[in-house]
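Here is a friendly walk through one protein model, from its strands to a few individual side chains. Please keep the structure open beside the text as you read.

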Amino acid sequence: MTFGARAWIDRWPLTRPFGEVTPRLERYGPHTGIDLGMPSGTPIPALRDGVVDLDDDDASYDPLRWQTWSGIAVRYRLPDGASILVAHLSSNLVSVGDTIRAGEPIGYCGATGAATGPHLHLEVRDPDGQLVDPLIYFAQEADMATLTEERIREIAKEETRAVLANEAW
């Protein structure tokens, strides 16, 4: 049985969407991932198979962002070259070089770094290093290359409408 990344993501309330610019944080630019509200200590699974290439002990990524914004974080590279970053963990369970399997716990939700409460920051970059909305990336079980630009825009609009319809979060 395969791990259902999107089903796992959909269990949690979306507390901040991809690309959002808020007045309080606008000087930092658009939000680079999505935030999912969940209790501190919630196990965080790897959403795809990959190899850990960054953990909370590696400040070479971006020292200012690493220490100030992300807190304890893990990034892993997928076989196709894309990468997934999870941040604000209370602790991690993996180290650089570890091979991880989808569904395997890699850390625990927390509120480290620039966080006002426990949540998971989830960020996806394509093989070229470009940010991708995680809700779009995980909406398709097939290869992202099969999506047309028009379909990606349609999915993004659907996701935005869903977020706006649930403003109570």
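## A buried arginine and its surroundings

Arg 75 counts as buried because its relative accessibility is 16%, where buried means under 20% relative accessible area, exposed over 50% and partly exposed in between, with a 1.4 Å probe and protein chains only. This is a predicted model, in which local features need pLDDT of at least 70 and side-chain atom pairs count only at pLDDT 80 or more, while totals for chains, interfaces and linings use all residues. Residues are numbered from 1 along each chain as its sequence is written, and side-chain values use heavy atoms, with hydrogens and water left out.

Arg 75 belongs to strand β5 (residues 72-77). Helices (H or I, at least four residues) and strands (E, at least two) are DSSP runs, numbered from the N terminus. What joins the side chains of Arg 75 and Asp 53? A polar contact of 2.9 Å does; such a contact is a pair of N or O atoms within 3.5 Å, and within protein one must be able to donate a hydrogen and the other to accept it, with residues adjacent in sequence counting only if both atoms are side-chain atoms.

Now to strand β2 (residues 34-37). Ile 34 and Leu 36 point one way from β2, Asp 35 and Gly 37 point the other way, and all are buried. Two strands pair if DSSP finds at least two bridges between them. Strand β1 (residues 14-16) pairs with β2 in the antiparallel sense over two bridges, and Leu 14 has Leu 36 as its bridge partner in β2. Strand β9 (residues 119-125) also runs antiparallel to β2, joined to it by four bridges, and there Leu 120 stands opposite Leu 36.

Next come the aromatic rings. Rings of Phe, Tyr and Trp (its six-membered ring) pair if their centres lie within 6.5 Å; planes under 30 degrees apart count as stacked, over 60 as edge-to-face and the rest as tilted. By this rule there are two aromatic pairs. One of them is edge-to-face, because the rings of Tyr 137 and Phe 138 have centres 5.0 Å apart and planes at 85°.

| Residue | Relative accessible area |
|---|---|
| Tyr 137 | 9% |
| Phe 138 | 0% |
| His 88 | 6% |

His 88 is found in strand β6 (residues 83-92). Most residues other than glycine have a negative phi. His 88, although not a glycine, has a positive phi of about 75°.
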